[in-house]
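Dear colleague,

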Amino acid sequence: MIPQTLTIKGLYSYQKEQHIDFRQLMESRLFGIFGSVGSGKSSILEAITFALYGETDRLNNRDNRNYNMMNLKSDELLIDFVFDNHSGETYRFTVHGKRSKNDFDNVRTYQRKAYQKSQNQWIPIETSMAEEITGLSYENFRRTIIIPQGKFQEFLQLTDKERTNMMKELFNLDKFEFYHQVKTLEAQNKEKTDTLNGKLEHYEHVSHEALKAQKEKVESLGEDLKRHSEKLKKQEDRVKNLEEVKKYFEDFKEKEKNFNERQQEKPAYEKRKETLKQFETAQQHFQHLLQQQKEKQEEFNNKKNDLKKTSKDLDQKEKKQKELKETFRKAESEYEKLDQIKDKKDDLQEWITVLDANADITGLTERIQKGETETQKLKQEKEKTEKETEDLDQEIEKLKADIPDQQVLFQLQEWFTQKNTLNEKIKQLKEDIAGENAVIEKNKHDLQEAVPEELKTTIKKPGSFDHILETIAQQQKDTENKLGDIDQELEHLQIQTKLKEFTTALEQGKPCPLCGAEEHPDILDTEDVETQREEVQNKKKQLVTFRDKLFDFKGKVNTAQSKEKQSKDRIHDLYKRLQENIDKFDAHLKNFKWEKYQTDDEQRVEEDIKRAKEVSQKIKELEKKRKDLEQKHKKDALNIEKYEKELSKIKDNRIKAETKKENAQQRIKTPTPEYLPENKEQAKEQIDQLADTIKKTEEKYKKLQEELTNINNDILRLSTQKEHLENDLEKIKTVNENVSRQIENKLQNTDFETLEEVQSILQQDLDIQKERDKIDAFYHKLYAAEQELKSAKEKIKDSSFDEEDYKQAKAELNDIKEKNEELKAQYTTAKNALEELKKNLAAKEKMQQELRELEKRAENLKSMHKLFKGSGFVNYVSSVFLHNLCVTANERFYKLTRQQLQLEVDENNNFRVRDFLNNGRTRSVKTLSGGQTFQASLSLALALAESVQKQAQTGHNFFFLDEGFGTLDKDSLQTVFDTLKSLRHENRIVGVISHVEEMQQEIDMFIRVTNDDEQGSIIHANWQ
C-alpha cells in the first residue's frame, strides 16, 4: 500500500479539517511526522487503520467508540483516505459520523464507505474488500505497515515462550497444529480395522482346501454331464430324422388339397376373362365421348343458371346505388363539423390532468408526514439496540473469565479415553481368546455330527484330521472298486437282456437274426434277468450315494481342519496382543501428571468439561444474540438511510406534480370554459361521450364512402360477367352437337347394338389392371399348385411313417433331456459355488492385506501422535522461522555495525550477539548499547515486515515507525539517523513519528502537528 492523501476532521484532538499529501512527503523516501507528546501524531495512523478496517487498538465497540473517538467540540467526524495498492490501482476509504442535535451523548454509527477509481470516477465497492485490496489482514497491517509505540524493541527482548507465541500469530503457525487431525485419523483407522476384522469373521469357512474340494466336485459332475450329453445328441438326431419324414407326408397332403381347390375355381375365372374383354372395348371407343358429352351438358346448365343470377344481381345493385348516394351527402355534412368537438375533448383531457395532480399533491404531502414519523421511530429503536449490545458485551466478558482451562481438560479427557480404550482392548482380547477356544470345540462337535451313518462304526470319535482323511481315502478306494465290479455285472446282464429280446422274437420256420437257422431246439431261459438287473442297479445307486457322502464329508473335514488352524493362529496372535496392551496400560498409568486430579477422577473431569461446554454454549448463544443485535443495528441504519432517501424522492415527486398541474392549465384552449366539470368522473364521462360521437361520425362517413365505392365496382363487374356468360353458352351448344355425331359413328363400327348396352357395361366400374392381375395370378397359382404336388409326391416315393414309433422316440428324448437338465443344474450350482468360493477367497486375502496395511498405518499414526502432541511440531516450525528471520535481519544488522556484530539464536530460541571484535564470542543482547539495540530492533522489524508482506503476497516496502526515541543519548540518536538514512538506498519508504526535536534536523521532508487549545490539532508541512 502507498498512501496518497489523508483528510481528518473531528477525530480525537482534531477539530477542524486537516489534509496531508503523502505524495510530496514520500519524494525523499524518508519523511517525518513530528510534534510534542499528545499533539495527535499517532491519531494519523489510527485514522488510516480505522478507515480501512473499522478497527483501532485504542478503542473497541465496548468502549462506546462512536462517542469517544469524536472530538468533544465537534458535531461531525470525517476520515478520507486515498491510496494505491500493490497492483497500482487507486482506492478511497471514507468514514463519516454525526452527533445527535438533541442529545450530545448520542453519536450515530459511523458510515464507512469505499470506492475504486476508474476512468477518473469513483465507483462504490464493499468496505469488507480492504483485506483483499491491501493483501493484509488488520493484524498483519499493523505489523508490517505501522509499527506501534512501545512495540519496536519488544520482539528482541521477549522471552522464548512469548517470542514463540508472537511468531505463531505473525506467521499463522497454528496451521501446523496437526494433533487433532492425527487423532481423527487414528479413530478412522481403528474404525476401518474393526470393520475389516468383523468382515473377516464371515469368511472363516473360506480356504484353499475348501476350494480344492469344490474343484474336484465340479470336475466329477462335468464328466457325468459330458457322457449324458452325448447320449442326448444321439436321441435328438433320431427324433430329427423321424420329424423330417413326418413333415414330408404332411406336406404332400397339404399340396394335394391346395391343387383340388384351384381346379374348382377355374370355370369362374374363365367367365371373368370374357367380361373383362367386353369392358375394355366399350371403354376404349365410348367412355371418353360419353364423359365429354356429360361434362359439356353440365357446363351448359351451370352457365345458364349463372347468367340468370347475374342479371338479377345487377338490377339490385343499380337500385341500391341510387339510395347510397343520397345517404352519403348527409353524412359528409356532419363529418365537416368534427374539429369543434375534438377541441372540447382535448380541454377535458387536460382538465383531468389538473385534477390528478391535485390528488397526487395531497397524497404525497400525507406520505411525507408519515415517513418523517416512521424515521424518528427507527432512530429510537437503533439507540435501544446499541444499549442492549453493550450489556451483552459485559455479560460475555464475565462468562469468559469463568471458563475452566479447556486445554488441561482436553488432555485429561484424552488420557482417560486412552485408558478406557486400553481397558476395552484387554477385555475384548480376553473375550476373543475364549471365543476362539469355543469355536475349536464347536468345530469338533459339528464334525462329529457330520460323520455319515456308514462310517460311525469306523470313526467313533474324530481323532486327528490326518487319520480321518486316511480313513475316507480308503473308503473311497473300496467304493470305486465295488462300483467297477458292479459295472461289469451290469454289462453282462445287458447282454442277457438283448438275448431275451432275440429269443422272444424266434419263430419255428423263420431264420434266426443271429445265426440264420430256421429251427430253434434249445431256446435260452431268461425269465429272472430283469430282476437281477434291477437288484444290481439299486446296489450301484447305494454305492454312488455313499461315494457322494464320502466326498461331502471330506470337504467338511478339510474345512474343519482349516478353521481349527486359523483359530489356533489367531489365539497365538491374540495372546501376543493382550500382553502388549497390558504393558501399554501400565505405562499409561505412569504418564498421569495432573496434580489436581486422580487417575480415577474421570467423572470429575467429565463434569468440568460439561461445565466448560455449558459456559461456552452460553457464550456462543450470547454472541449469536449480539450478532443478531448488530445485524438489527445495521438494518435499522440502512432503513433510516432508505427512509430519508425515499422522503427526498417523495418531495421531488410533489414538486413534479405541481409543475404538471400548471402546464396542463396552460394547455386548455378556452380561457374560461363553462363545460369543465367539478370532478374527474364527470370529465371522463363527457370525454367518452365526445369520443363516441367523433368515432361514430368518422366510422359512418368512412363506411358510406367505402360502400359507395364497392357498389360502383360491383355494377361494373356484373355487367362484364353477363356479357361473358352469353358468349360461353353459344360455344358449348356447338361442341355438344359434334360429340353426338361421333357416338353414332362408333356404334355402327362395333358389335354393340345400342348406346344403352354400352352404358350398361361401363357402369360395372371395373379396374382393368387389377382384374387382369387377379386372373393372371389365379392361373399362376394353379400351375404352381400342380408343380408343388408333383414335387411332394416325388419326396415320399419310397418312404413310410409310423406315428407310434415317432411318439415313443420323442418320449424317450424328453426323459433324457430332463436328466440332462438336472445334471446341468447340479453342475452349474457347483460351478457357481466354486466361482463364489474363488471370489470370497480373493476378497479374504485382499482384506487380510488391507488389515496388515492398517495395522502398519496405526503404528505410523502412533508415532505422529507423539510428534504433534503438546504443540511440539508447531514449536519446531516456529524455531525454523525464527532462525530464517535472524538470517534475514543479519543482512542489514551486520552492515549497520560495520561487520562488528551479528545476531544468532541459541538452542533455547533466545537471541545472542556474536562480537567479531572479541574473537567472535557471543554475549547477551542486553549488553548492546542504545544505538546498537535500535539497529538490532530495526533490522528484526524490517525482516519481520518483509516476511509477513511476502506471505501476504505484497511487494511494497513502505511502513510507519511510531517510536519516540526519547530514551536515546546523543550518540545513539546519531546511529539512529545513520540507520534511517541508509534505508533510502534500499528502495524503501519510511515514515518516522517522533517528538524528538533533533530528528527534524536530519529529515528533509516532514509535517509538524501542534495542538491548540481552541482549534485542536493542526498540521503544518515544512515545504509550505
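**Overall shape and contacts**

In the protein chain, 77% of the contacts with a separation of 6 or more are between residues 24 or more positions apart, a contact being heavy atoms within 4.5 Å. Please bear in mind that this is a predicted model, in which local features need pLDDT of at least 70 and side-chain atom pairs count only at pLDDT 80 or more, while totals for chains, interfaces and linings use all residues. Residues are numbered from 1 along each chain as its sequence is written, and side-chain values use heavy atoms, with hydrogens and water left out.

The protein chain has 22 helices and 15 strands, where helices (H or I, at least four residues) and strands (E, at least two) are DSSP runs numbered from the N terminus. Its radius of gyration is 59 Å, whereas a compact globule of 1024 residues would have one near 31 Å; the radius is taken over C-alpha atoms, and the globule rule is 2.2 Å times the number of residues to the power 0.38. Along the principal axes, the C-alpha atoms fill a box of roughly 155 × 140 × 55 Å. Of the 1024 residues, 36% count as buried, which means under 20% relative accessible area, with exposed over 50% and partly exposed in between (1.4 Å probe, protein chains only).

**Nonpolar cores**

The largest nonpolar core holds 51 residues, of which Phe31 and Ile44 touch the most other members; such a core is a set of buried Ala, Val, Leu, Ile, Met, Phe, Trp, Tyr and Cys residues joined through side-chain atoms within 4.5 Å. Helix α2 (residues 41-53) contributes the largest share of this core, eight residues. In α2, 12 of the 13 residues are buried, Ile44 among them, and the helix is followed by Gly54, whose phi is positive, near 70°. Leaving aside residues up to four places away in sequence, the partners that Phe31 touches include Phe22, Leu25, Phe958, Phe960, Ile989 and Met1005.

**Pockets**

On a 1 Å grid over the protein atoms alone, a pocket is an open set of points where a 1.4 Å probe fits, with protein on both sides within 12 Å along at least five of seven lines, and lining residues have an atom within 4 Å of a point; points are joined across faces, edges and corners, and a volume is the space filled by probe spheres set on them. Helix α11 gives the most to this lining, with 14 residues, and the lining of the largest pocket divides into 10 nonpolar, 17 polar and 20 charged residues (Ala, Val, Leu, Ile, Met, Phe, Trp, Tyr, Cys and Pro count as nonpolar, Asp, Glu, Lys and Arg as charged, and the others, Gly among them, as polar).

The second largest pocket has a volume of about 1700 Å³, and α13 gives the most to its lining, with 11 residues. That lining divides into seven nonpolar, seven polar and 19 charged residues.

**Backbone**

Tyr12, in the loop between β1 (2-9) and β2 (18-21), has a positive phi near 50°, and Tyr12 counts as buried at 12% relative accessibility.

With best regards
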